[in-house]
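Have a look at the model first.

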Amino acid sequence: MKKNTLIWLVLALFTIVVGVAGCGGEKKADNTGKKVLRVGAEMTFPPFEFQDDKSKDYVGFDMDLSRALAKEMGMELEIQSMGFDALIPALDSGTIDMIASGVSITPERQQKVAFSAPYYKSGLSILVKNENTTIKSFKDLEGKKIAVQIGTTSAEEARKIPGAVVREFNGVPETFMELKAGGVDAVVNDLPVNQYYLGQFEKKGDAFAKLATTELKNAEDYGIAVAKKNTELASKVNKALETLKANGEYDKLYQKWFGKKQ
């Protein structure tokens, strides 16, 4: 969701900071004879993509999905880290072959790139304690105490709710702790963020919260982006994505990063 606030620059001479895992370009990968699939991402968007503090590897749902797609297509994956605004110029210049970086499918972007079928539906969601049965929609938040992260779209939308008392915190974890302590009735945040932390709570045996509803505010789909002219790759990505969903691999990755679908 937050990535929608970024301006998509079309300058091809944008400075690109590249982090490489694999071998270069359209050459054959060493010892495998496989073609290289170069994916670009901006590595500060957990749980979709980020750099592990200890291993320094690029990890996250998008990265795991990209690896699975490359494997299904019989290719070696190369990950390139760069600024979000540099992704489309890099795709246009041929520096990368596809973008997997929590990119929302919008009409504006569809004029510049070709998107895969949607692989994730995002939007604002509501988190409440397990015992809460009164909040089942955004309308039910009227007059309630809501925790949000300061400076986010969640905060903007929460302030529009009639009678709501909005408490803003510097970090996402603080909003959840306030909910657990009973200081607020609900947390409003991007769906992937809420799902990620629910999964972390479950792993720690502290599953005190749940998604209040499947309703999403400002819903949007994420897609894998490839160059508009690269119809062959677009077709292969869609076919591989369909296979991963059919054979259960997609669900395994989803559960790893977001927990069970609710």
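Which residue in S6 does glycine 40 stand opposite? Glycine 40 faces isoleucine 99.

## About the model

This is a predicted model, with local features needing pLDDT of at least 70, side-chain atom pairs counting only at pLDDT 80 or more, and totals for chains, interfaces and linings using all residues. Residues are numbered from 1 along each chain as its sequence is written, and side-chain values use heavy atoms, leaving out hydrogens and water.

## The sheet

Five strands form an open sheet in the order S5-S1-S6-S14-S7, with mixed pairing. Strands S5 (76-81) and S7 (113-115) are at the edges with a single partner strand each, so one side of each has no neighbour in the sheet. Helices (H or I, at least four residues) and strands (E, at least two) are DSSP runs, numbered from the N terminus; two strands pair if DSSP finds at least two bridges between them.

S1 (residues 36-41) and S6 (residues 98-99) run parallel and are joined by two bridges. Helix H1 (residues 61-72) packs on the sheet and touches S1, S5 and S6, where contact means heavy atoms within 4.5 Å. The direction of H1 makes about 150 degrees with that of S5.

## Two helices together

The axes of H1 and helix H8 (residues 249-258) come within 10 Å and cross at roughly 160 degrees. Axes are lines fitted to C-alpha atoms, for helices over the stretch in contact, with angles from 0 to 180 degrees between N-to-C directions. H1 and H8 are therefore roughly antiparallel (angles over 145 degrees).

In H1, Phe61, Asp64, Leu65 and Ala68 meet H8 residues including Tyr250, Leu253 and Trp257.

Note on methods
Angles under 35 degrees count as roughly parallel, over 145 as roughly antiparallel, 65 to 115 as roughly perpendicular and the rest as oblique.
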